[in-house]
Amino acid sequence: MKYLDEFRDGRLAQGLAARIDREARPARGYALMEFCGGHTHAICRYGIEDLLPDNVRLIHGPGCPVCILPSGRLQAAIALAERERVILCGYGDLLRAPGARGDTLLKARARGAEVRMVYSIDDALEIARAQPDRTVVFFAIGFETTTPPTAVALLHARREGLSNFSVYCNHVLTPPALRALLATDSFPHVQGGVTPCAGGVDGFIGPAHVSTVIGSQPYEFVAAEYRRPLVIAGFEPLDVLQAILLLIRQLNAGQARVENQYTRAVQPEGNRKAQGLMAEVFATRSRFAWRGLGELPDSALAIRPEFARWDAERRFAMTEIPVTDHQACICAQVLRGAQRPQDCTVFATACTPDHPLGSCMVSAEGACAAHYHYGRFRQVRL
Amino acid sequence: MCLAIPAQVIEVVDAEHALVDMSGVRKRISTALLDTLAVGDYVIVHVGYALSRLDPDEAAETLRLIAEWAETAGDEVPG
């Protein structure tokens, strides 16, 4: 496919890796966090860590919507799915995310609930139009990338007066999560035998497709207030390697700027039309408890009162159902970059993608699942 | 979740929809998040929605820079 294959060229990747090896100063460490699960997946899938010198380390961030979905809200969705006449629709991985005592939406489906995996929210709208006698609820999760389609669907539902359709809104915002990571000193020195870097994380690989929507401006505080460079990068291996090189160059020069490597898709101002649609439909929630990160102020979106008829939370008086996560699970530390998947005692033993105990093992973008699929034999000497 | 893939517009269906080609797969997508599109344009598609345009000139420039850096990897380190 054009615009994918060129950015996966192995020879150029080797060349960029050689360049990184040359420019990274042996006297210091470079701890770089990729915020997005999309980057985590690309880094693991293409073996990017193996191309880097030992003093350049990548730390996985919390940017995986399935991973950070509060389990109490997931449990509320499972309860909703089991109500009579409800058809609950959601994106793929979400259906396998563990709620209370390992319950999932897929298990609810096995018990007889009508849970459907859809590719697009438009498919859920279509189900609602075709089955007016059923109550169709779309379980919306995701960062700013996935939010504009939900806004468009809600506007369609209102225009059509589609009364049997509603949305359970769990959309979250990237900049507040970045701020939360920077504001706490939970930025730890990840174990791994490398000299810890001052202040934990030295720089960020910034989101690809979130940035197509919000642009580069919302990240300025990372550079201005916290003096960390951030480079917005595409999700292909050459994009990631180029972003790492740009971060190393900034750090070598003592700079902290927001840079854009993904210029083919990201404009500084983002997608204004999408931003307008989101503002029309959603308002900021004052508090939202992220799985792993805890309560973060102004970090999530709720449906505006004007759209109350299509807001499942209001319509079905949904409340969070408290859930205790599995005691052996260290997802909370993994999501903060404080521990690595392989540090977890249940990693790849009791917790696998087929039977995830924690949310990071569910989606291919979760740090644990990505490491399970692509990296778990890296350290094994044959 | 935020995965989005490049696709080429092969038919503009109406003001909010287009038919695109994704690696040989034809799919109807929503273009409600973008202003006017023309046949031949490249877009990035996420959950059935075109999220942004893909700029061919910027893509070429990024690849040119990558190739330049990759091929001069043995040269002296700048500044």
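Reader: How many residues of domain 1 of chain A are in contact with domain 2 of chain A?

Author: Good place to start, and please keep in mind that this is a predicted model. Chain A is divided into domain 1, residues 1-326, and domain 2, residues 331-374. On the domain 2 side of chain A, 23 residues take part in the contact. On the domain 1 side of chain A, the number is 31 residues.

Reader: Which element gives the most to the side of domain 1 of chain A that touches domain 2 of chain A?

Author: The elements of chain A that give two or more residues to this side are α2 (37-45), β2 (56-63) and α3 (65-68). The residues of this side of domain 1 of chain A divide into 16 nonpolar, 10 polar and 5 charged. With 6 residues, the element that gives the most is α2(A).

Reader: What separates the centres of domain 1 of chain A and domain 2 of chain A?

Author: Here the centres of the two domains of chain A are taken over C-alpha atoms. Between these centres lie 17 Å.

Reader: Where does the largest share of the side of chain A that touches chain B come from?

Author: Let's look at the two chains together: 47 residues of chain A are in contact with 32 residues of chain B. Several helices of chain A each supply at least two residues of this side, among them α1 (10-23), α7 (147-160) and α11 (237-252). The side of chain A that touches chain B divides into 25 nonpolar, 13 polar and 9 charged residues. Its largest share, 7 residues, comes from α1(A).

Reader: Is A:Ala348 buried, exposed or partly exposed, and why?

Author: You can find A:Ala348 in the loop between α14 (331-335) and α15 (367-374) of chain A. Leaving out residues up to four places away in sequence, A:Ala348 touches A:Tyr372 and A:Arg376. A residue needs 20 or more other C-beta atoms within 10 Å to be buried, and 12 or fewer to be exposed. Because A:Ala348 has 16 other C-beta atoms within 10 Å, A:Ala348 is partly exposed.

Reader: How many of the 16 residues of α11(A) are buried?

Author: From its first C-alpha to its last, α11(A) reaches 23 Å, close to the 22 Å expected at 1.5 Å a residue. This helix is largely enclosed by the rest of the structure, because the number of its residues that are buried is 14 of the 16.

Reader: Which residue just after α11(A) takes a positive phi?

Author: Follow chain A just past the end of α11(A). There, a positive phi of about 70° is taken by A:Gly254.

Technical notes
Residues numbered from 1 in each chain as written. Chains lettered and ligands numbered in written order. Predicted model: local features only at pLDDT ≥ 70, side-chain atom pairs only at ≥ 80, totals over all residues. Domains from an automatic or database assignment. Contact = placed C-beta atoms within 7 Å. Helix = DSSP H or I, 4+ residues; strand = E, 2+ residues; numbered from the N terminus. Nonpolar A, V, L, I, M, F, W, Y, C, P; charged D, E, K, R; others polar. Expected span 1.5 Å × (residues − 1).
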